[in-house]
Amino acid sequence: MNAYVNPQLGGDAVRASHRIENFIRQSSFDRPTLVLDRQIVADQYRALKAGLGRADIHYAVKANPAREILSTLIAEGSHFDAASRGEIELCLSLGARPETISYGNTVKRASDIAFAHAAGIRVFAADAEEELEKLAIHAPGAQVYIRLLVGSTEADWPLSRKFGCAPDMVVPLMARATDLGLKPVGMSFHVGSQTRRAEMWTSTLDHVAAAWVTARAAGFDLDLLNIGGGFPAFYGEEIEAPTAYAAQVMKMVEERFQGADRIMAEPGRGMVAEAGMIAAEVMLVSRKSEDDICRWVYLDIGKFSGLAETMDEAIRYQFITDRDHEETGPCILAGPSCDSADVLYEKRPVQLPLGLRAGDRFIIRNCGAYTSTYSSVCFNGFPPLDVVVI
């Protein structure tokens, strides 16, 4: 099997992965381009759904909002997690029913809340009293789930601190929601993006379950648990197959949350990352001194044009070149912009062919998630990441 392919993928997925690579090799691109395969997305949805069982999948639209991807997921029966009015409008324009969309961002403009409520959205996230007050005014009677702060996790891309409230705030916030005429129906959390093994969920689930038990003991008849995302993609380190991974997470959830009749899961990365590759180009290969151990390899794409998740070298992308049969050596990989922060991998240099030259094709694997949406409008005049869906 190709070393760049997730070893957990089945034969159909491997063939689909090769289909993207072949499309890139047979095409000409004058700018960095993300190529997505909608069939891989459909296959991944079915694999995750098989493991999640009764849980409703609310695809995290922010991971990749390509219209073709959303249409594919609508046809598969997916629900959606929206972070903004724009994402809600996009889902609705493609035929998603409002009852399948949750407004999962805990920081919302009042006018956007009003828009969502008028459009038929009835489920909202909150983690602060002021957010509840906005919801009471602009989405009266709405169902609310409180997001819990879960602290540090074992995820490669942690999502702690910015969102969620401390456990001892959950009951007071639910009481306030009730006083405001809202319906506190449950809780949410996020274990952190790219949580590579299901067992890494254990401590977070224990933490949330304790708050769940306390809230139900306080008289709140909770029935909705939003387990967020965290479902991983393959970036070189071994991960579990999606169905087995999701099934193990659901088993742990079922063991801990009494009364959770409705369970939501919000895969983003795990749904679309392996469905995309970026067609890029080497712009320059150089050394800073005669005795420099590492070469510098500059690409026509960098942190500001789609590869923001290389920040702190958290996400380690896999690469394909036409020289992969050659001897390799360590490289510092950087983007094209004049910002000194636009260095992708330096703490842990990457091994690339010694013969790599300017103009060589450079394919970045498994980058269907959080690339096109992170791409800047035109920093330094470089065009934003183009997207092609096959």
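Which residues does His-117 touch, not counting residues up to four places away in sequence? In this predicted model, the contacts of His-117 are Arg-122, Phe-124, His-138, Ala-139 and Pro-140. His-117 lies in helix H5. Its relative accessibility is 16%, and His-117 therefore counts as buried, the cut-off being under 20%.

Helix H5 covers residues 110-119, and its buried residues are Asp-112, Ile-113, Phe-115, Ala-116 and His-117. An α-helix has 3.6 residues a turn, so residues three or four places apart point the same way. The buried residues of H5 pack against helix H4 (85-93), strand E4 (101-103), strand E5 (123-126) and helix H6 (129-138). Just after H5, Gly-120 adopts a positive phi of about 110°.

The protein chain as a whole contains 10 helices and 16 strands. Its radius of gyration is 22 Å, close to the 21 Å that the globule rule gives for 390 residues, so the chain is as compact as a globular protein of that length. The C-alpha trace spans about 70 × 40 × 40 Å along its principal axes. Of the 390 residues, 54% count as buried. Among contacts with a separation of 6 or more, 70% are accounted for by residues 24 or more positions apart. The accessible surface of the chain amounts to about 16,000 Å², and carbon and sulfur atoms contribute 51% of this surface.

The second largest pocket has a volume of about 250 Å³. Two elements, strand E12 (318-321) and strand E14 (343-353), each give two or more residues to the lining of this pocket. Strand E14 gives the most, with five residues. In total 14 residues line the pocket, and those nearest its centre are Gln-318, Phe-319, Val-350, Gln-351 and Leu-352. By class, the lining consists of eight nonpolar, four polar and two charged residues.

Asp-322 is placed in the loop between E12 and strand E13 (328-334). With a relative accessibility of 39%, Asp-322 counts as partly exposed, because this class takes in values between the 20% limit for buried and the 50% limit for exposed. When residues up to four places away in sequence are left out, Asp-322 touches Arg-25 and Arg-361. The C-alpha atoms of Asp-322 and Arg-25 are 9.6 Å apart in space, while the two residues are 297 residues apart in sequence.

Glu-313, which is not a glycine, has a positive phi of about 60°. Glu-313 belongs to the loop between strand E11 (295-299) and E12. The relative accessible area of Glu-313 is 11%, so this residue is buried. Asn-366 is likewise not a glycine, and its phi is positive at about 50°. The loop that holds Asn-366 runs between strand E15 (361-365) and strand E16 (386-389). Asn-366 has a relative accessibility of 4% and therefore counts as buried.

Technical notes: Residues numbered from 1 in each chain as written. Predicted model: local features only at pLDDT ≥ 70, side-chain atom pairs only at ≥ 80, totals over all residues. Heavy atoms only, no water. 1 Å grid on protein atoms, 1.4 Å probe; cavity = no way out; pocket = protein on both sides within 12 Å on 5 of 7 lines; lining within 4 Å. Points joined across faces, edges and corners; volume = space filled by probe spheres on them. Helix = DSSP H or I, 4+ residues; strand = E, 2+ residues; numbered from the N terminus. Nonpolar A, V, L, I, M, F, W, Y, C, P; charged D, E, K, R; others polar. Rg over C-alpha atoms; globule rule 2.2 N^0.38 Å. Buried < 20%, exposed > 50% of the residue type's maximum accessible area, 1.4 Å probe, protein only. Contact = heavy atoms within 4.5 Å. Areas by Shrake-Rupley, 256 points an atom, 1.4 Å probe, with all protein chains shown as cover.
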